[in-house]
Amino acid sequence: MTQATESAARREASGAEAFLKIDRLTKRFGIFTALSDVSLFVHKGEFVCFLGPSGCGKTTLLRAIAGLDIQSEGRVVQDQKDISGLPPNERDFGIVFQSYALFPNLTIRKNVAYGLQNRRMQRQAVETRVDELLALVGLADQADKYPAQLSGGQQQRVALARALAPSPGLILLDEPLSALDAKVRLHLRHEIKQLQQELGVTTIMVTHDQEEALTMADRIVVMNQGVIEQVGTPEEIYRNPASAFVADFIGAMNFLPGRVVSEGKVDCAEVELACDTGALPAGELVTLALRPEEVSIVGQGDRESEGQSEREKEGGNQLTLEVLYHEFLGPVVRLHLGPSGSEEELLRIELPAARARADEVRSGAPITVRLPQAALRVFARKAL
């Protein structure tokens, strides 16, 4: 957990006022409800990502915060000031769009200076501030060029410098990296995160890229169909998904059909598995969720957890399956497993390539795997 997240958690626990408060916000477009009763706190200095599939409402929420799409109901409070009805130019934020939105007829220097000049700052102060920002984003030697003369990554850095120029209390990033190629995107997301930490500016970023959210955010807000499914740190979201949707959307996940036999026991593939069934009654149809890296092969002592129960060490929670096919992915091999004699996939696991070679893993071979009790998450079948 980062320092910003720990600090935010302490403030929330003490009841301190959040820097940004979204209170029961709803947004309708005609008969379509894009956001439904959304509430959220963002604390000063946090980097928060709105994450979800296309059409989930994440961009609509960002635009409501900016005043670009005024909410139908609810409030937006920033720094203890109700800004719900204010136009964008009266709100304290800077924004960076996916398309950069730079002025093509202005030099890089003039693009960054644009907002400052509109605020009637003295010329010398503007020049000093622009020089500081261009140096900060590594473009001091590009000041007199035009946007078309720069790469996509450089243009996005100019857009970021322009957003930071007036020293806003909040930075809004609307999928700022999605138009860039993979290598540039990897480099720039590290730069943006480093810059945000250096400046300590509260930042909200919209993205559909889970890896982007996991690597950049202090907290992630997972959205689906206009509501918030879960809010938490990247580790919380990944390790303890609150719903089947979150489990499926974040990272790779195995889903296995089952039925609750009794408290703490689920029948899956004709094998009784020990897991936390919560309040689900016997007979309930459920879906078990398990990350590929959490599955171990019986006999791989080096992968067994010290926290395993005696039952697991003696052979509990085991399934014997057949390797339907395997994929070589460089450092790892992904195995697709199913019941013997069936072509239906039940489970995916990933092994270090060296381990797969040592065990002579091959298609058609039987393999016994262990599903650790602590790693199994149980969702009612209707939740999927």
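## Terms and model

On a 1 Å grid over the protein atoms alone, a pocket is an open set of points with protein on both sides within 12 Å along at least five of seven lines, a cavity is a set of points where a 1.4 Å probe fits but cannot get out, and lining residues have an atom within 4 Å of a point. Grid points are joined across faces, edges and corners, and a volume is the space filled by probe spheres set on the points.

This is a predicted model, in which local features need pLDDT of at least 70 and side-chain atom pairs count only at pLDDT 80 or more, while totals for chains, interfaces and linings use all residues. Residues are numbered from 1 along each chain as its sequence is written, and side-chain values use heavy atoms, with hydrogens and water left out.

## The chain as a whole

The chain has 11 helices and 20 strands; helices (H or I, at least four residues) and strands (E, at least two) are DSSP runs, numbered from the N terminus. Its C-alpha trace spans about 75 × 45 × 40 Å along the principal axes. Of the 384 residues, 46% are buried, where buried means under 20% relative accessible area, exposed over 50%, and partly exposed in between (1.4 Å probe, protein chains only).

The accessible surface of the chain is about 18700 Å², and carbon and sulfur atoms account for 48% of it; the areas come from the Shrake-Rupley method with a 1.4 Å probe, and for residues only the protein chains shown count as cover. Among contacts (heavy atoms within 4.5 Å) between residues at least 6 apart in sequence, 65% join residues at least 24 apart.

## Second largest pocket and Arg239

The second largest pocket holds about 240 Å³ of space. Its lining is made up of Arg239, Asn240, Pro241, Asp276, Glu294, Gln373, Ala374, Ala375, Leu376, Arg377, Val378 and Phe379. Strand β20 (residues 377–380) gives the most to this lining, with 3 residues. By class the lining has 6 nonpolar, 2 polar and 4 charged residues; Ala, Val, Leu, Ile, Met, Phe, Trp, Tyr, Cys and Pro count as nonpolar, Asp, Glu, Lys and Arg as charged, and the others, Gly among them, as polar.

Arg239 belongs to helix α8 (residues 234–239). With a relative accessible area of 46%, Arg239 is partly exposed. Arg239 and Gln71 are 168 residues apart in sequence, and their C-alpha atoms are 33 Å apart in space.

Gln71 is in turn one of the contacts of Ser84, which also include Ile70, Gly74, Arg75, Val76 and Arg91, leaving aside neighbours within four places in sequence. Ser84 sits in the loop between β5 (81–82) and β6, and is buried at a relative accessible area of 10%.

## Largest pocket and helix α3

The largest pocket has a volume of about 540 Å³. Its lining counts 17 residues, of which Phe93, Gly94, Ile95, Gly115 and Arg119 are the closest to the pocket centre. At least two lining residues come from each of β6, α3 and α5, and α3 gives the most, with 3. The lining divides into 10 nonpolar, 4 polar and 3 charged residues.

The buried residues of α3 are Ile108, Asn111, Val112, Ala113 and Leu116, and they pack against α4 (123–136) and α5. Just after α3, Arg120 has a positive phi of about 60 degrees.

## Aromatic pairs

The structure holds 2 aromatic pairs. Rings of Phe, Tyr and Trp (its six-membered ring) pair if their centres lie within 6.5 Å; planes under 30 degrees apart count as stacked, over 60 as edge-to-face and the rest as tilted. The pair of Phe103 and Tyr114 is tilted because the ring centres are 4.7 Å apart and the planes stand at 50 degrees. Phe103 lies in the loop between β6 (94–96) and α3 (108–118), and Tyr114 lies in helix α3, 11 residues apart. Phe103 is partly exposed at 30% relative accessibility, as is Tyr114 at 35%.

Phe245 and Phe249 form a stacked pair, with 5.7 Å from centre to centre and 10 degrees between the planes. Both lie in helix α9 (residues 244–249), 4 residues apart, about one turn of the helix. An α-helix has 3.6 residues a turn, so residues three or four places apart point the same way. Phe249 counts as buried, at 18% relative accessibility.
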